[in-house]
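Welcome, and please open the model in your viewer. This tour tells you what to select at each stop and what you will find there.

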Protein chains: 2
Amino acid sequence: MADIATRVYNHKWKIDPIVRSLIDTDFYKLLMCQSVFRNSPDTTVTFSLINRSKDVRLADLIDEGELREQLDHVRSLSLTRGESTWLRGNTFYGKRQMFRPDFMEFLEGLRLPAYHLDKRDGQYELTFEGPWPQVMLWEIPALSILMELRSRAVLKDMGRFELQVLYARAMTRLWEKIQAMRALPDLRIADFGTRRRHSFLWQDWAVQAMIEGLGDRFTGTSNCLIAQRRDIEAIGTNAHELPMVRAALADGDAALRQAPYDVLADWHEEHDGNLRIILPDTYGTEGFLAGAPDWLAGWTGIRIDSGDPATGAETAIRWWQSRGEDPRGKLIIFSDGLDVDKILALHRQFHGRVKVSFGWGTLLTNDFRGLVPGDGLAPFSLVCKAVAADGRPTVKLSDNPAKATGPAAEIERYKRVFGVGVQQALSVTV
Amino acid sequence: MADIATRVYNHKWKIDPIVRSLIDTDFYKLLMCQSVFRNSPDTTVTFSLINRSKDVRLADLIDEGELREQLDHVRSLSLTRGESTWLRGNTFYGKRQMFRPDFMEFLEGLRLPAYHLDKRDGQYELTFEGPWPQVMLWEIPALSILMELRSRAVLKDMGRFELQVLYARAMTRLWEKIQAMRALPDLRIADFGTRRRHSFLWQDWAVQAMIEGLGDRFTGTSNCLIAQRRDIEAIGTNAHELPMVRAALADGDAALRQAPYDVLADWHEEHDGNLRIILPDTYGTEGFLAGAPDWLAGWTGIRIDSGDPATGAETAIRWWQSRGEDPRGKLIIFSDGLDVDKILALHRQFHGRVKVSFGWGTLLTNDFRGLVPGDGLAPFSLVCKAVAADGRPTVKLSDNPAKATGPAAEIERYKRVFGVGVQQALSVTV
């Protein structure tokens, strides 16, 4: 068990790489990467860092030299033999050889491509451009690095015991959350907190606390390195970047309208069972489900990642019913802005009506709210998204207009094509 | 910085000696030992463990084999070269060579004498008998071992993360106490918590937290090993055992009445300055001060170790005034059952009227109250006292009848000789 406070203290006087492995990333990135490697290997994409929390002035907090050092370190990484063996040999979602040999060869030869870094208005402009299967793997390490460098910046003037007590408080808080969830019948919850984690060691601690505190109710972590080290399940399916890129490449409105279903048709061919999870909100959940082909209703579940989660889940349940499916056999995964109170309320509302699962992110791996003066460790909303594909801008609408990305004119076009009406804006804190 | 939770976890599967050094003891034991070595080397004494908290059934909690193993380990210890060098060369209370060469030679050759261990009514009967300068050094290691074995027994079925969160909570609690004391002007506070500590590592953590949190206001620790390792002052002067043994050996009431002053006359000859601290409560503070010779009023201070501390301090102040001394030049050391609220209140009442200092014990080094089910880690009142000298029973009255020790008939005789009237009984929790 690492002594986190001491390690943070040591950051002050020696270089300490934040991301030390190419599999210190989310499992679904690798799953999606395999799909992209097969279906769209030659698409060129641009990923870009977007800090939705403008008041957190990252370029003022984080030294550019340190940031470059950390990013350069990631570019020096390649898959180790043990990591490769684990990816090739491990059972994921009950399936052996989830990753095909040609994809594994690609991954074994991979080094992450170059990055572009500038500063503007107190923020870093960090972009990655190149072949989609390479560039997409920058998302998680880039976010982890920026999150942890921000933590280090805030902590660097604190004394050794102040640090230890800070972590003592954060540990106690997390443990109390875990205790509160113990009583939930049939709870299924996973760690989705890699991208917004306070630090690698802290995520690793949080995962271990979940293992001890929740036993079987803790279903695993999205982080492959931690899943490997702690011998637990790696968790994840697919994300917005697949429909976003496919949509950007669609020629004309009809192809655009079809793009999100085309993505899932590919996925349907590649995966079955628990990997068949619909993420319906990229261009509005209501329209997506209304226009969905019947074979999608046969999928295992739906992940609710924006908008009011209870509303989204009720919509999903009504949709299944309208398609003649029994919701009690279906899985709903909540993964947006969860904390323990919301988890308890959603569990109460939906347990028994549908299988419920939670992907707990930022407030599992980065809840240091109120623990330093000025709340300098409060989580904030940093993302790293595909912003262009083969030179065309990407668009995301989601069920919350505060989460929309893309040029304004394109957003309007997408809203028209996908029939998205007035949306309720919800504040995005994490 | 040690990872305490991991260490406690490891206790479950390997032997881990609790007391690893002969100087893992209170400084005043060594000071008193030197005085005894000089003045009463041939006195035979019996020290005995007394658990005032009968509901804590130590013999049910602690395995006898483990207890013997720990006690035997202490008997295998001798002063290391580095420890000897530190005792010989270090400055204590501004004075070099506090320990005389003949005493150091004795100490370098010392191994602790045999112990006698029995069980009765769920308690251990642990006694040490032999030459006073040897036997007296058992007090602190014996108490530390029993306290820590009790902690280990309570913790042994807890999970790894439960343990880490337990310590996280205890750390947070202590840090909050320290924060609360930061604002006190001219605060002077020392660690007196060796004998009742939760564990060695925890005491060491507490001391380091005091160093960082209080800076110069933390004046040092009574624990020699920690003082050496953390490069801070070793703190302490004298204790009840000196007058208790001297009184037991006194022939007749007149000699008995004189014994407490005789002890301090020896001390006066041996020490000056900050080591001239009166501990007036052994046979009642009021009578002791009323009958004290004038040269005692010239001493540096008074330590208040039983009874209501504010009452004791007011008594001391009135006594100095009655002897023509200015209390503002005098030191009062509070050392009985302190916690942060009492410290704040006493500081408020006496700051500016007298120099105030605190010897913070059990609730510095062992405040785990309420942190485990059934409150199994709550501190309790364990002492190890001189119960006989050259075959005669010793007696302590103190300013709290709950702290009195000795045969009932002898207690009555002492009360008569020292003119102790009705005393207010205060509960003794630590």
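**Stop 1: a buried leucine**

Select A:Leu107: this residue is buried, with a relative accessible area of 4% (buried means under 20%, exposed over 50% and partly exposed in between, with a 1.4 Å probe and protein chains only). The model is predicted, so local features need pLDDT of at least 70 and side-chain atom pairs count only at pLDDT 80 or more, while totals for chains, interfaces and linings use all residues. Residues are numbered from 1 along each chain as its sequence is written, chains are lettered from A and ligands numbered from 1 in the order in which they are written, and side-chain values use heavy atoms, with hydrogens and water left out.

Now show the helix around your selection. A:Leu107 sits in α6 of chain A, residues 101-109 (helices are DSSP runs of H or I with at least four residues, strands are runs of E with at least two, and both are numbered from the N terminus). Which residues does A:Leu107 contact, leaving aside its neighbours within four places in sequence? They are A:Leu30, A:Leu79, A:Leu87 and A:Leu137, where contact means heavy atoms within 4.5 Å.

**Stop 2: two domains of chain A**

Next, colour residues 2-157 of chain A as domain 1 and residues 165-364 as domain 2; these bounds come from an automatic or database domain assignment. Their centres, taken over C-alpha atoms, are 21 Å apart. Domain 1 of chain A brings 46 residues to the contact and domain 2 of chain A brings 38. About 3,600 Å² is buried between them, 60% of it from carbon and sulfur atoms (buried area is the accessible area, with a 1.4 Å probe, that two parts lose on being put together, summed over both).

How many salt bridges are counted between domain 1 and domain 2 of chain A? There are 5, a salt bridge being a side-chain nitrogen of Lys or Arg within 4 Å of a carboxyl oxygen of Asp or Glu. Select A:Glu269 and A:Arg38 to see a salt bridge between their side chains, at 3.2 Å from N to O. On the side of domain 1 of chain A that touches domain 2 of chain A, α2(A) gives the largest share, 11 residues.

**Stop 3: where chain A meets chain B**

Show both chains together. Chain A and chain B each give 20 residues to the contact, and about 2,100 Å² is buried between them, with 62% from carbon and sulfur atoms. The count of salt bridges between these chains is 2. Pick B:Glu176 and A:Arg169, which form a salt bridge with their closest N and O atoms 2.9 Å apart. Two helices, α9 (160-181) and α10 (200-214) of chain A, each supply at least two residues of the side that touches chain B. The most comes from α9(A), with 11 residues.

**Stop 4**

Most residues other than glycine have a negative phi.

Look for A:Asp375 in the loop between α18 (362-365) and β10 (382-389) of chain A.
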